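Please read the points below with the model open. They go from the whole chain to single residues.

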Amino acid sequence: MSDLPSVPTVSAAGLTLRYGGTAALDDVSMRLGEGVTGLLGPNGAGKTTLLRVLATAVPPDKGAFTVLGNDPATTAGRQEVRRALGYLPQAPGFHPDFTAFDFVDYVAILKELTDRAARHREVRRVLDAVALSDVRGKRIKKLSGGMRQRVALAAALIGDPGFLVLDEPTVGLDPEQRMRFRELIARAGEGRTVLLSTHQTEDVAMLCHRVIVMVRGRVRFEGTPAELAARADGRVWSSTERDPGAWAGWRTGTGSFRNVGEPPEGADLLEPTLEDGYLLTLDGESPEEVAAA
């Protein structure tokens, strides 16, 4: 693929991890540079497992990776990776009686910010960065879902990490909250590497300069969003009824059907989107997996 980072921030080769007889990661290799990279794939594709490996939460069975030149295979390297890392898991755990300030301050202590005055300045900085300064003294159990996600993002940003890992950060958010979160992620991607795992193709289209598609533990595509959309050139068409030969098709708001697959001769071709290219990259998977994505 084109536009590979010449000096990658994160480089992985041959990452493999099995759970029993299932290969959660199967010989995964990639190179990430500065900016936001989107990670797409159906449920069970291995996205969360990959993020956990890169976050040093679980070691791979085989393969190796580096983050900012640090090798987590060694104790010293793993410590340096964790110092350079910001991680927002899919289901961040909060103590309900903590305030937003308390929680981020707790994470700052875990990140070895030992000077109390300097640490509290950093906590206030990241809470301000996610627009939560006004509610920093409010208990987390009293905050909305969108605000809790922003608290988790503030915790991930503590200490200005060079590598930010975000696992489904916009899931469950309403359209306005998602829009605001996109602004925060775009800002976070300036001058650092962000790996964003999501089911939302529109998030990738709006935020990411690169995209990786995983299926069944393997990387099936790595390139730019434009290159992913281009996979559907000449393979998206409109019809008055769902084309039985289409791999996927649905009725649009105008009443016509949008079909994806191999069009019949003379079909009314449409401009492909990133989602169309993504669906065709999943071609060969079960309808249940595609629907889950």
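1. The protein chain has ten helices and 13 strands; helices (H or I, at least four residues) and strands (E, at least two) are DSSP runs, numbered from the N terminus. This is a predicted model, in which local features need pLDDT of at least 70 and side-chain atom pairs count only at pLDDT 80 or more, while totals for chains, interfaces and linings use all residues. Residues are numbered from 1 along each chain as its sequence is written, and side-chain values use heavy atoms, with hydrogens and water left out.

2. Along the principal axes, the C-alpha atoms fill a box of roughly 70 × 40 × 35 Å.

3. Of the 293 residues, 48% count as buried. Buried means under 20% relative accessible area, exposed over 50%, and partly exposed in between (1.4 Å probe, protein chains only). Contact means heavy atoms within 4.5 Å; among contacts between residues at least 6 apart in sequence, 66% join residues at least 24 apart.

4. Helix α3 (residues 100–110) has A100, F101, F103, V104, D105, V107 and A108 buried. The cover over these buried residues includes α4 (116–129) and α5. Just after α3, E112 takes a positive phi of about 70 degrees.

5. Q149 lies in helix α5 (residues 145–157) and counts as buried because its relative accessibility is 9%. A polar atom of the Q149 side chain lies 2.5 Å from the backbone oxygen of P169. Leaving aside neighbours within four places in sequence, Q149 is in contact with L88, P92, E168, P169, T170, L173 and F181.

6. T170 sits in the loop between β6 (163–167) and α6 (175–188). Is T170 buried or exposed? At 2% relative accessibility, T170 counts as buried. Its side chain makes a polar contact of 2.7 Å with that of D203. A polar contact is a pair of N or O atoms within 3.5 Å; within protein, one must be able to donate a hydrogen and the other to accept it, and residues adjacent in sequence count only if both atoms are side-chain atoms. Neighbours within four places in sequence aside, the contacts of T170 are Q149, R178, F181, T198, Q200 and D203.

7. S133 is in the loop between α4 and α5 and, at 27% relative accessibility, counts as partly exposed. The side chains of S133 and D128 make a polar contact (3.4 Å). Not counting residues up to four places away in sequence, S133 touches R124, L127 and D128.

8. Most residues other than glycine have a negative phi. D27, in strand β2 (residues 22–32), has a positive phi near 60 degrees and is partly exposed at 44% relative accessibility. R216, in the loop between β8 (210–215) and β9 (218–223), has a positive phi of about 50 degrees and counts as exposed at 52% relative accessibility.
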